[in-house]
Each structure stands twice: as C-alpha cells, then as structure tokens.
Amino acid sequence: MIGILLLIPILFPVFAGLAVFPMENRKTMRTFVSVIVIINAAVVYGLAFIPDAELEVWNIADTMVVSFHQDGMSKFFACLIASIWVLVAFFAYEYITHEGDESKFLGFYTMTIGTIMGICYSSNLITFYMFFEFMSLITVPLVIHSRTKDSMKAGMKYLGYSVFGAGLGLFGLFFLNYYTKGHIGFTSGGNLDMSLVAGHENWVLVVTLIMVIGFGCKAGMLPLQAWLPTAHPVAPAPASAVLSGLITKAGVLGIIRVCYYMVGIDFLSGTWVQTVLMSLAICTVFMGSMLAFKEKLFKKRLAFSTVSQVSYVLFGLFLFTPQGLLGALLQVIFHAVAKNIMFLSAGAIIYKTHKTYVYELRGIGKQMPIVMWCFTLASLSLIGIPPTGGYFSKWYLATGALSGGFGFLGYLGAATLLVSALLTAGYVLPIIQEGFFPGKDFDYKGLEKKEPSKLMTVPLIILSVAVLGLGIIPTPLTAAIDQISTTVFAGM
Amino acid sequence: MLEGNGLLMFLVFFPFAAGLVSYLIGRNSKRARDIFVIVVTAAELAAAIFLIASASDTNDFHWHAFAGLGVHLRGDGFRTIMAILAGFIWFFTTIISIEYFKKTESRNRNRYYMFALWTLGATMGIFLSSHLYTTFIFFEVMSFTSYILVIHKETDDVIDASKSYVGFAVFGGLATLMGLFMLQANLGTLEMDALIPAIESTGISEVTLVWACALVLVGFGVKAGMFPLHTWLPQSYPAAPEPGTALLSAILSKAGIFGMFVITGQILLHHFSWGLALTLFGIATALLGGIMGILSDNFKKTIACSSMSQIGFIIVGVGMQAVLGHHNALAVRGSILHLVNHSLIKLALFMVAAVIFMNLKSFNLNDIRGFGRKKPALMFTTGFAILGVIGVPLWNGYVSKTLIHESIVEYIEIAEHTGWAYGFKAIEVLFIIAGGMTCCYMLKLFFAVFVEKNNDPAKQAQFDANKHYMSVPVTVILIISAAILPVIGAIPNITADGIADVAQHFLHGHSPEHAVHYFSWVNISGTLKSLGGGVAAYLVIVRLGMLRKQSDGKKAYVNAWPEELDLEKKVYRPALLTVLPFIGALFARSVASIVDWFTAFVGKIIFLKRPERFQPPLNNEFGTFNEEEKESKIPQGISYSLIMFGAGVVAVLYFIIISFISGWR
C-alpha cells in the first residue's frame, strides 16, 4: 500500500492551496504556503528512496484508468521540480507584494505544484493528459495575474496553444490505444503490439510525430512555440521563473513518456520521424537564441532563451541513445536552475528599480552585486562555460550527437549548439558587462545599494551554488541518471 | 577520488581558495592583503620549483569526479618548466603591482588580486593538464578571469577593448570545444598520451582529424594572437594595467602556444601540411606584429605588437616541427626556448612599462621621451631585455631565434631538389626580415626613452631630477629579471640546452646528433644580416618617416599606423554583429511566425462574419451589433468557398496519389 503515498504530493497541495485564497494576514499566509511546499518536497524526496510503486485510483471505462506510479523518471522530475518550487516560493513572498493580490497568486502557485506532481507520477497517458490540462488551466491565472490587457491577451494565447497542443497528444492516444491493444500505461521500451503495427508503421510514426509536436508545444518546440515568448514575460517574475524553468519540463516529460515509454525507441530510431524531430529541435535551438539576441525587453529575451535551451533537451532526447538521454536530463536540471536564477534576478531588478529593458541596466551590478553575481553564474552556465553545469550537459549532448552515427545531422546539431552558445554569450554577456562596468562617466555618486532582502537573495544564492557545485562535482546526478538510463535502455 | 601527487593539486587549486581569502582580507586591511598575495604567489613559485624533484612521466594527479571526465594533471619536464615560469612571472608581477596600483589607480584592487590569483590557478591548470578536457576547462576559466584584468581601468577605450577580448575568447573557446567534441566522438578519449594510439586504432579519417585539430587551434590561436585572430591583441594588451599586461603577454599567450604544442606533438605528429599552414600563419603574425610595432608612437603598444611578432616566431617553430617530421630536433628546441625566452623578456619589458606609467601616466613616445636618461637601473633592464629580444649573441633570444632559423635552413637542405626549397627559402627571407623589424622598433623605443631629450626642456629637467621613480624591491626584481637573460644566452650549451633536454620529450623531440654551435660564424652572420637590416630600417622609417617637424620646429613622433586599416572594425564586427545576425534573424523570424500566420489566416476564415464591436444596448430589451463591419481581406461568397473546397480536394487527392506511388503503408 505504499502506492497510496503517491496521492499526498498530488492532492495535498491542491486542497491546501485552496485554503490560501481567503487568507488575509501576510504572515500566516507565508507560513502556511512554506509549510505546504516544504512538506511536499519532503514527501517527494521520501518517495524517491522507496521502491517503485503503483496505485490505481479510478477506472473510468474499460482501459481508461486513472492511475499513478513512480519510476526513475518520475522521481527525477518530481524531485527537481519540488525542490526548486520551494525556493521560488520564498522569493515570491516578497516580490508579489508589489503586484498585489498576494493570496490569489500564492494560492494558485501552491495548487500548481500538485498538478505537476500528478504529471510526474501518472502511470498512463490518460492520467497524464488529465493532469497536463489541469496544469495548463491552473497556470493561466499566474500568467494573467497583473490583469493588464497585454497579459489577458497573452493568457488567452497561452491557453489556446496549450489546449491545442494537449489535444494533439490526446488525438494520438486514440491511435495508440488501438496499436497497443489498450495497454496505454508507461512501460520502458514501449508497448506497441508489433503484430498490429506490421504493415502500418508509417501511421504509427505519423501519430508519434503529432503527439510529440503536441507535447512539444509546452516545451516551446517549433512549430507550436509562439505562445511562449508572449506568455512567459508578462507573468510576475516568480511565475515566469517556474513557467520557463519547470513547467516547460512537463512538456519534455510528455515527450519522454511518448517516445521512450509508449512507442519505444527501438521502433523510432533510424526512422524519418527521428530526422524530422531532430531537425525541428535544431531549428528551434537556433531560432530561440537568434531572437533572444535581437530582443531588447529583458524578460522576453529570457523567454526566447528558454525556447532555445529547452530544445537542447529535446535534441538530446531525439538521439535515442544513452548519452543523448544523459545530456538531455542534465540539461533539464541545469536549465531549470539557471533559468530560475535569471528570471528571479530579472524580478529582483524590476522589484527594486522598475527597469525592464536591457539597455537600462547600466551599472546594475554596482547596485545589486549579489543578484548580478548570481545572474552571472547562471549566464555562464547557460552559455556552457566550464566548470558550470551547463557546460557539462552540453558536452554529453554534443558528443552524443557526433558519436551516434547520425552523419550530417549530428554535426549540424553539435554545430548549432555551439552557434547558439555564441548567441547566448551575445545576449547575456553585454548585460553583465554593462552591469558591472558601466564606464568612467557613470554617476557613482548617485549610486545607492539596492540589494533586495534576504528573502530574495538567499534562494538565488542557493540556486547559484547548485549551478556551480553540481557542475564541479556532478557524480550524484550522473549516478542517478545512469540508473534511469539502464532501465530505459534495458532491452537494447 | 583524489589520487596522485598532491603538489599538483595544490598548484592548481590553492590560488582559487587564496583568491577568495585575499578578497576577504582586503575588505579589512589593504596592507595585510598585499602581503598575503605576495606570500601566495611565492608559495606557488616554491611549489613549482619543488615539482622538479618529482618530475617524470608518471607524476600524475587525478580527480575523477571533477566536472564529469575529471581533472588529470601531470608534472613532467616540460610542464614543470611551464609551471615554474608561471609562478616566477606571477610572483614578480605581484610585487610590482602593489607599488603600481598605489601610485596609479587604487580602486578595485581587491577585485584585481582575486581575479589575478584565480587566473594563476587556471593557468597552472592548463600547463599541468595531461587531458584535453582538463586543458579546456581551465582554458575557459582563464579566459573569463583574465577578462577582469583587462577591463580593470574601466575607461571607455578599455571597455571597448575588453569587449573584443571577451568576444574572441568566447568564439575561440567554442570553436575549440567543437574540435574537442569531434575528437572525443571519434577517438573516444582526450587523454593526451592516448591520442596517437587511438588515432591508429580507430582509423579516423584524416579529413575529420585535421578539421577537428583546426577547430581546436582556433581557440588556442586566439589566445596566442595568431593572425588572423589577432585583432583583439593590439587593443587589449595596452588596455590592461601593466602588471596585467605582463601576465597576458608573458604567460597567458603561452597557454595558446601550449595548445599548439599539444596538437602538433600529440595529435598531428609530423604532419607536413599542418606544419606548413602553421608556418605560414606564424610568419604572417610575425611580420604584421613587426610592422604594427614599428609604426606605433606608443611605448606600450609597441611592446604589445612585439609580443605578437615574437609569438609569430614561436608559431613558425611549431610549424617547422611538423614540417621537418623526424628531423625536427632544432625546431622543437627552438620553439620551446623561444617560448621561455619571450616570457622572460616580456616580463622585464612590461615591468619597465609599469615603472614608466606609474611615473608619467602616459605611454606616448613624445611624452615619455628622455625619461630614461640618467636612470641606470631602468636603462640596464630595458637594454638587456632589448638585446635579448632582438637576438644579439650572448643574450637569450639569439639562441632560440637561431635554432628556429636553422630549422628552416635544414628543411631547405632536405627539400633541395624540389619546389618546396624555394618556398621555404622565401619563408627564411621573411623570417630574417621579421627579425630585422624587431631590431627596428626596439631601437626606436630605446633611443626615444634613454637617448633623446624631451622636446620640452622643463620636462626634461624634471625627468632628470626624478631619482625616486621606483622603490628598492621593484629595482631589485627589475634587475633580476634582466640579469637572467644573458645567463641563458651566454652559456647556451648548459642552460638553454638543459631546458630543452628536459622539455622536448613533450613534443616527441630528441636531442640533435651533435651539439649545436651557437656561436659559429654561419649563425652569427645570419643574425648580423638581420640586425643590419633592422638598423637600416630604423634609420629610414623611424628617423626619416616617423619623426616629423612640428609647428615649433622640433621633431616629434607621429603615429604612422593607418588606423582605418582595422580588420576588426572593418570586417569582423560588421560581419558578425550586423550582417550575419540580420540573415539569421530573418530566418528565425520567418520560421517562428509560420504558425502565427496560419492561426491568423484561420482566424480570418472562422471569424469572417463576426462584427468588430458589441454595441451596448440602447434600451433594456435587446442589444444590437454595430453597423460597421471589419473589412476582411479575404474574399467572400460562394465562389471563394468553392475554391477553398477545391483546394481541399486537391490536397487529399495529392496525398492519396503520393502514398500510392511511394508504397505508403
């Protein structure tokens, strides 16, 4: 009956989050939310140490079952998301005071983690789809929090794309239901019934492509990426941080579940679908970086950067090799950490100085040294400068692409990763340079320290230590990922 | 997890910890910080010297968990020499920097020392690495920490120069990374010892291998200032504070040479075309650096360009190693020795520059003209360094330049009856010309500072009266740094050959069959040709061309380098910052907007009849829609619907036919 424990991280935050809405006292509200997210993280970590478990909740109709389980992949994503969620919560307490409607924001924020945990722990595509839609819906209030016209429009765009993308996933499910004889649960290696598939390989491939594109919407992959640079920047900074850093990873998990756990990589590797998907990922990597390089609005630049960086992950996944998966999962972690730092730094800057354009940030490093140091470390990781974590993940992605026998596409992929890294340097380093070295004509007299309170800096520092520390000593991460990898590639 | 010689780990990681500590100390006491920093660099130097005791090919250190593939360090002969060199140069520049910053710009010293120490650690990491992954990690760390040294003065020029520095560093680093990806993917290892066996066992195609090495070369070439990747160098070297420039020129550029050594000695061993390419790049670098050095009217820029030129000589030596194949003893020894010599000479020269700047706050030759008169210690140091760098017999530069020159001559003899002999004859002539240029610009500096009088007699009197232009410790280190030079040069069969014997193994070199007669007439006459040309060039170009009469009738130096001839501002920046991003952004925006256009199109069709605005009800019974309708660009009516239907039918038919033809299953 260990399985019942899986319900705690899913249901507890959702219901407890409801209780946040009527709260008025700031202190109780903060304490309450902290307790919820910390308990949630603690339970998730506890679950990671117990063996894999399964729980069937509700049988809707014959093969349609709402059920949960945990395997290595669930643990990986759940631990990552739950821990960063705690840190961002602390940042949000202070930040959201200047946006107003604190209880509403924190309430939805708390509920969202429950739905994401549902995504992590779902054991079949029906459940996955259900929580995926929950998550999309419940994050809309975070996007439209400021209630400006722009944010309402962005929220609608976000909702439209999300529902359409998830719909494509659901559409594929109907087909896979047939080709798997109703075994729509997640089993590593996939569960296609080859006797049914024989003669219809291309149909299955097309369906897979559609599903991946559908879930790729959340991960900001071409062609359904247009919502991301619109929706992420309008949200309050803590929401942007989790949207960009963590919720995009739900789309990644969807793609992993479809490719690695339903259709199976044996079936997919070497097909034209793999080529198409790799090309899409490569295009997205370049496109995102390029547009970020051209963008002047700070948070929008970061959002474009997310488009690019999450597609690094997808590129690694689409290699369908252990090295590619290792690189992809490492990139999941390091992008999540780095992008959270960057959005939170942007938030701290907005909160303290109300500056939103990159060319306004001259001398910001002198005003907020701690924040900008964290931002710098995250930037170096985002570019992939050793010994930060981002370098480490890119190493595996690129060597995986070159050694997997992909020929030209592999070289193109690796080269694109580096061109994108160059562009990344082009869009983050000038901010840092202007920030720390404003030039001699800068008005040092009028300079005042604007370092935000500990509530904001401490989460940033913790994340920055992680980005550097895990880059220098990544052994625990690689060990964990190797374990996942051996089960995924067991049959190969 | 950690195994091997702890001394190696100490050399690399201690400065990182010490850097942080120095920052914390400096927040409370500047004096304590200064002492601490000197002690740290002295400890590094001592540790590097201790390394001699254990130097061997199995003197390894491994930290397996570090950043995935681990840190692999080794303290063999060549690496030990490089470590001692780095420790020595850091120790001396630290001593002078304390006085330098007190007299010039005392802001941000804490930051400078922290990053200087971190750069020391990273540089040690590069020089001691026995695995290209380790080399690369520390190479990148060094690029970024040294950036802070370059930007230290924070004036607008400096910031512009540092942009160029960091841009090239990032670009070069990523190109190198691509090369490393290719090597790792094809060979399965980056362990330096294992590379040549892996090339044989994996049967990697030569094209892939050369491409990979060329990419790796880009990053190291940038750091060394190799043409055409040199454009940051004449900007950044003058931009940094002089103790920082001493580090950049004397030791950080050698990290680039180290990388070239690794490629030439450990990957593309004895590869003729590779060597030829490097030789050509090297000679171009030497000539261009020389020309820029001659034509500048700035003391510091001249020695910065001189660095570029001398590094060109080293690169020629590296190229000749590969060209000569198994007979490369002279080239191997020449390039190693010129590396060491150039480091020592440039240390002395940039320390002299620091002394000049902390007294005069200028480097313009007209401003500093005559400053060196009646200053024997300064003159001694500068004079010895100049004699070293232009290659006068008995000084150290002579030894290494002769070896490199001899290696070119050797190849001309080997290739006697082929077309290559003529080609290398041309290279030899260019080499001698470049040597003459060194002589020319160094004479310019020496005469300007130590012989000629300032145009302003009052200023000259002030210069002559200035006896306390540097403190005793600085005087001592300046004299030491100059006195070393003839030690290597005067007894080369003991000192220079000793260094070469210890180091050459790294490059798969071997001692020549018979001892080199450095002071034979053949060698001396070659040098004399070069020096004679240099003196002639000085008389013609500098005395006649660059000393122009001013309005007051006195002659002053003018900058003869055409500033508009700027490869970076004319080609690199416009191409990389304007043209390519424009094309890229055009592509990116089109790709990114496809779905948006599609949704807009679908929206137009679906909401064709929908009125634009809802008119609030005029009475309470019912609402009404606004009369005005939004004009739709899409034509309406039955014919349009039919066309759309037809398009759909065509698409379906097309799909059926295609799937029929291609056997869609």
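Modeller: Before we start on the helices: an axis here is a line fitted to C-alpha atoms, for a helix over the stretch in contact, and the angle between two axes is taken between N-to-C directions, from 0 to 180 degrees. Keep in mind too that this is a predicted model.

With that in hand, look at helix H12 (residues 299-324) and helix H16 (residues 396-414) of chain B. Their axes come within 10 Å and cross at roughly 35 degrees, and H12(B) passes H16(B) in a left-handed crossing. On the H12(B) side, the contact is made by B:Phe313, B:Val316, B:Gly317, B:Met320, B:Val323 and B:Leu324. H16(B) answers with B:Lys401, B:Ile404, B:Ser407, B:Ile408, B:Glu410 and B:Tyr411. Sort the residues of that contact by class and you get eight nonpolar, two polar and two charged.

Now for the strands. Chain B has an open sheet of three strands, in the order S1-S2-S3, with antiparallel pairing. S1 and S3 of chain B stand at the edges with a single partner strand each, so one side of each has no neighbour in the sheet. From one strand to the next, the twist averages 10 degrees.

Going through the pairings, S1 (residues 2-4) of chain B joins S2 (residues 60-63) of chain B over three bridges, in the antiparallel sense.

Finally, the neighbour. On the chain B side, 37 residues are in contact with 41 residues of chain A. Helices H5 (132-150), H6 (156-187) and H22 (567-606) of chain B each supply at least two residues of the side that touches chain A. H6(B) gives the most to that side, with 13 residues. By class, the side of chain B that touches chain A holds 26 nonpolar, four polar and seven charged residues.

Notes. Residues are numbered from 1 along each chain as its sequence is written. Chains are lettered from A and ligands numbered from 1 in the order in which they are written. This is a predicted model: local features need pLDDT of at least 70, side-chain atom pairs count only at pLDDT 80 or more; totals for chains, interfaces and linings use all residues. Two strands pair if DSSP finds at least two bridges between them. Helices (H or I, at least four residues) and strands (E, at least two) are DSSP runs, numbered from the N terminus. A crossing is left-handed if the near helix is turned anticlockwise from the far one by less than a right angle, and right-handed if clockwise. Two residues are in contact if their C-beta atoms, placed from the backbone, lie within 7 Å. Ala, Val, Leu, Ile, Met, Phe, Trp, Tyr, Cys and Pro count as nonpolar, Asp, Glu, Lys and Arg as charged, and the others, Gly among them, as polar.
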